[in-house]
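Let's take a friendly walk through this fold, one piece at a time. Keep the viewer open and follow along.

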Amino acid sequence: MAESVCSGMSNKVAKLSFWGVRGSTPTVDRATWRYGGNTPCLELVAPDGTQFILDCGTGLRVLGKRWAEIHGTNSIEAHIFVTHYHWDHIQGIPFFSPLYAGQNRFHFYSFRSEFLGRDSLKQVFEAQMAHPYFPVDLSAMSAARQFSEVTDRDQFEINGTRITARMLNHPQGCFGFRFETSAGTIVYATDNEPGVPKLDQSLRELAADADIFINDAQYTPEQLTTTRKGWGHSSWLAGVKVAQEAGVRNLVLFHHDPDSSDKIVDGVLHDARQKFENVWAASEGMVMSLGEERVEVIMPTTRGGLRQEGHFRARVTGYTEEGRAFQEETVLRDLTLQGALIYLNHSPRLQSELQVTMESPGDEGQNHNHLRFRGYVVRLEPGPEKDQTAVGIVFTE
Ligand SMILES: [Zn+2]
Ligand SMILES: [Zn+2]
């Protein structure tokens with residue numbers, strides 16, 4: 001169960017923010033909006049304020065934008081851990097705006113690839129920005145950059161946070177990283193396929209007693225034993241097994257398949273929760289605060305919908321945190337709407353604007369509330385009756 005943490009302990013808290021959670025390639029498909037389409041990028045702020053970035057997928061661009069808003073022209077220093085060189089983990093680098101500001105300083109950590117040799121990550125930078133792949137020359141990246149090579153089982157300390165690296169089972173290699181902060185331990189192990197006993201044991205050691213264990217959950221348990229065997233990824237079930245064996249407190253399912261819609265990820269999370277209580281599906285914008293061995297999770301507000309205040313009577317059924325079923329009468333105070341289907345005698349123009357006013361039944365004694373929306377026509381089809389048009393609308397404001 002999620003244990004809540006009270007405010008007022010900010011100096012003892014490690015804060016983990018998810019800027020990209022999608023595996024393999026970014027998705028812009030509407031059906032993936034809720035969990036998010038950016039590829040891996042996590043931000044970890046240690047209790048002393050030291051900034052860590054885990055992986056440089058497309059989520060890194062969004063983090064860079066956020067930092068530019070917060071820091072302005074003040075200097076930024078961060079330690080950036082790159083697990084491996086597959087596209088989805090490096091794609092954000094050329095689009096990370098703080099790299100183009102001379103006052104900033106970045107320390108990069110990664111391994112020597114057998115395909116690239118010495119200064120592997122430096123070579124990745126040069127290759128990514130070489131002509132004709134990118135319009136801006138590497139010399140425009142004016143931030144100070146320092147590259148450190150990490151090898152399997154290395155342990156070192158950065159401003160009081162102890163870091164351990166372990167090689168995982170993934171084509172061309174991938175590192176898992178353990179961060180032991182004064183507020184608790186976070187283990188980041190994406191892109192890993194179980195099944196090699198020695199590496200499975202190494203992962204259990206890396207994850208031992210972690211407060212937060214982020215694990216690859218790209219495929220279903222069925223895919224992992226059949227069509228996706230040998231592709232270098234894991235399943236929620238394999239992650240649950242490691243979490244149980246390693247005594248992990250919170251498991252985060254990560255690196256969602258680009259073909260997994262939000263509904264599919266919901267199903268994966270549901271299945272995982274039958275076997276392990278404290279499991280979360282990584283979601284873009286999710287923030288986990290870790291302090292005094294407790295974890296507080298904040299989910300992002302829904303994107304893409306339009307929030308409107310209203311007053312609708314409703315019956316709600318669900319499950320409590322303890323797993324008991326409940327049913328209760330209540331009132332919906334606001335609604336988030338994405339769109340609607342309406343039948344009209346008129347035929348509006350495709351991609352034109354429509355104004356829609358709805359009446360919501362008010363509480364006793366209150367006047368009826370009106371909900372006003374502006375929408376765009378996205379679909380036109382013949383309606384159920386002659387001379388009628390079925391109009392699909394997306395609400396915009
Ligand atoms: Zn990946
Ligand atoms: Zn990979």
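## A glycine to start with

G318 is exposed, as 9 other C-beta atoms lie within 10 Å of its own. From G318 to E328 the separation is 10 residues in sequence, and their C-alpha atoms are 9.1 Å apart in space. Please bear in mind that this is a predicted model.

## Two domains

The domain assignment divides the protein chain into domain 1 (2-300) and domain 2 (307-395). Between the C-alpha centres of domain 1 and domain 2 there are 38 Å.

## The sheet of eight strands

Next comes an open sheet of 8 strands, ordered β6-β5-β4-β3-β2-β1-β14-β15, with mixed pairing. Its edges are β6 (144-149) and β15 (294-298), each of which pairs on one side only. On average, neighbouring strands of this sheet are turned by 20° against each other, direction ignored.

Within this sheet, β2 (residues 41-45) and β3 (residues 51-54) are antiparallel and share 4 bridges. Here E43 stands opposite I53 in β3. Helix α1 (residues 59-71) packs on the sheet and touches β1 (14-20) and β2, its direction making about 125° with that of β1.

## The sheet of seven strands

Another open sheet has 7 strands in the order β7-β8-β9-β10-β11-β12-β13, again with mixed pairing. β7 and β13 are the edge strands, each pairing on one side only. Neighbouring strands of this sheet are turned by 20° against each other on average, direction ignored.

Two helices pack on this sheet. α6 touches β11 (212-216) and β12, and its direction makes about 155° with that of β12. α7 touches β12 and β13, and its direction makes about 175° with that of β13.

The table sets them side by side.

| Hairpin | Bridges | Residues between strands | Positive phi |
|---|---|---|---|
| β7 and β8 | 4 bridges | 2 residues | N159, about 45° |
| β8 and β9 | 7 bridges | 5 residues | Q172, near 65° |

Both pairs are antiparallel: β7 (residues 155-158) with β8 (residues 161-168), and β8 with β9 (residues 174-181). Going residue by residue, I158 stands opposite T161 in β8. Further on, L168 stands opposite C174 in β9, while M167 has F175 as its bridge partner in β9.

## A closer look at α7

In α7, V265, V268 and A272 are buried. These residues cover an arc of only 55° around the axis, which means that they sit on the same side of α7. On the other side of the helix, K263, H270 and Q274 are exposed.

Which elements cover the buried residues of α7? Among them are α6 (236-246), β12 (250-254) and β13 (279-281).

Terms used:
Residues are numbered from 1 along each chain as its sequence is written. Chains are lettered from A and ligands numbered from 1 in the order in which they are written. This is a predicted model: local features need pLDDT of at least 70, side-chain atom pairs count only at pLDDT 80 or more; totals for chains, interfaces and linings use all residues. Two strands pair if DSSP finds at least two bridges between them. A residue is buried if 20 or more other C-beta atoms lie within 10 Å of its own, exposed if 12 or fewer, and partly exposed in between; C-beta atoms are placed from the backbone. The arc is that of the directions from the helix axis to the C-beta atoms. Two residues are in contact if their C-beta atoms, placed from the backbone, lie within 7 Å. Domain bounds come from an automatic or database domain assignment. Axes are lines fitted to C-alpha atoms, for helices over the stretch in contact, and angles run from 0 to 180 degrees between N-to-C directions.
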